[in-house]
Amino acid sequence: MKDYRTRRHAFLGIIVILAAVCGFITWKVAAVGPDYVTAADLTVQQWFLGIRNGFLNVAVTLLTHTTDTITIVILCALLILSPIPGRLKYGLPVTLTALGDMAVYKVMKHIFLRQRPDVMYHLVEQGGYSFPSGHSATSVAVYGLLFYLIRKYCKTSLAKNVLSGICLF
């Protein structure tokens with residue numbers, strides 16, 4: 001019983017710290033306004049431009065597409081409709097999480113109205129506002145939950161480790 005409480009408190013502590021970090025970032029973005037570019041924005045942008053190369057451009061583009069709306073819809077459909085036993089243990093929570101995640105970040109985008117960087121810097125064309133990042137939010141929500149569910153329900157050690165690694169990537 002004590003071990004369960006300790007793990008639960010540790011988990012809650014991590015959630016509180018993550019929420020605080022997200023809250024701080026959100027507060028800082030809101031404080032500078034939608035059209036203001038900070039020195040930090042420019043520093044990060046210049047660093048990423050400096051490390052661009054053919055391999056990384058392809059890798060980042062492919063990674064970005066793993067959280068596109070169509071990719072997530074296909075993933076959710078496969079999870080729900082697949083012949084895997086217990087598919088609803090995976091498919092239903094992941095689908096509901098993806099929908100909830102989208103509802104939250106879409107609303108937040110219209111609260112912050114943060115413009116995207118100049119189009120000449122884009123590897124992948126995206127529309128709408130830039131903050132919060134829909135790709136990042138979807139990645140953490142969907143693949144994070146899928147990672148958890150795989151670790152909890154997958155019986156085969158090899159499959160559990162391979163699928164978990166894919167989700168973490």
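Where is the place of N53? N53 lies in the loop between α2 and α3, and the legends below return to this residue.

This is a predicted model in which local features need pLDDT of at least 70 and side-chain atom pairs count only at pLDDT 80 or more, while totals for chains, interfaces and linings use all residues. Residues are numbered from 1 along each chain as its sequence is written, and side-chain values use heavy atoms, with hydrogens and water left out.

**View 1. The protein has seven helices and zero strands.** Helices (H or I, at least four residues) and strands (E, at least two) are DSSP runs, numbered from the N terminus. Along the sequence the pattern is α-α-α-α-α-α-α. Of the 169 residues, 24% are buried (under 20% relative accessible area, with exposed over 50% and partly exposed in between; 1.4 Å probe, protein chains only).

**View 2. Helix α3 covers residues 54-65.** Its 12 residues reach 17 Å from the first C-alpha to the last, close to the 16 Å expected at 1.5 Å a residue; the expected span is 1.5 Å times one less than the number of residues.

**View 3. N53 caps the N-terminal end of α3.** A side-chain oxygen of N53 lies 3.0 Å from the backbone nitrogen of F55. N53 counts as partly exposed, because its relative accessibility is 36%.

**View 4. A nonpolar surface patch is made by V44, W47, F48, I51, F55 and L56.** Its area is about 620 Å², where accessible areas come from the Shrake-Rupley method with a 1.4 Å probe and, for residues, only the protein chains shown count as cover.

**View 5. V44 is part of helix α2.** V44 is partly exposed, because its relative accessible area is 45%.

Methods:
A polar contact is a pair of N or O atoms within 3.5 Å; within protein, one must be able to donate a hydrogen and the other to accept it, and residues adjacent in sequence count only if both atoms are side-chain atoms. Patches are made of residues with over 30% relative accessible area and no salt bridge: like charges are joined within 9 Å, nonpolar side chains (Val, Leu, Ile, Met, Phe, Trp, Tyr) within 5 Å. A salt bridge is a side-chain nitrogen of Lys or Arg within 4 Å of a carboxyl oxygen of Asp or Glu.
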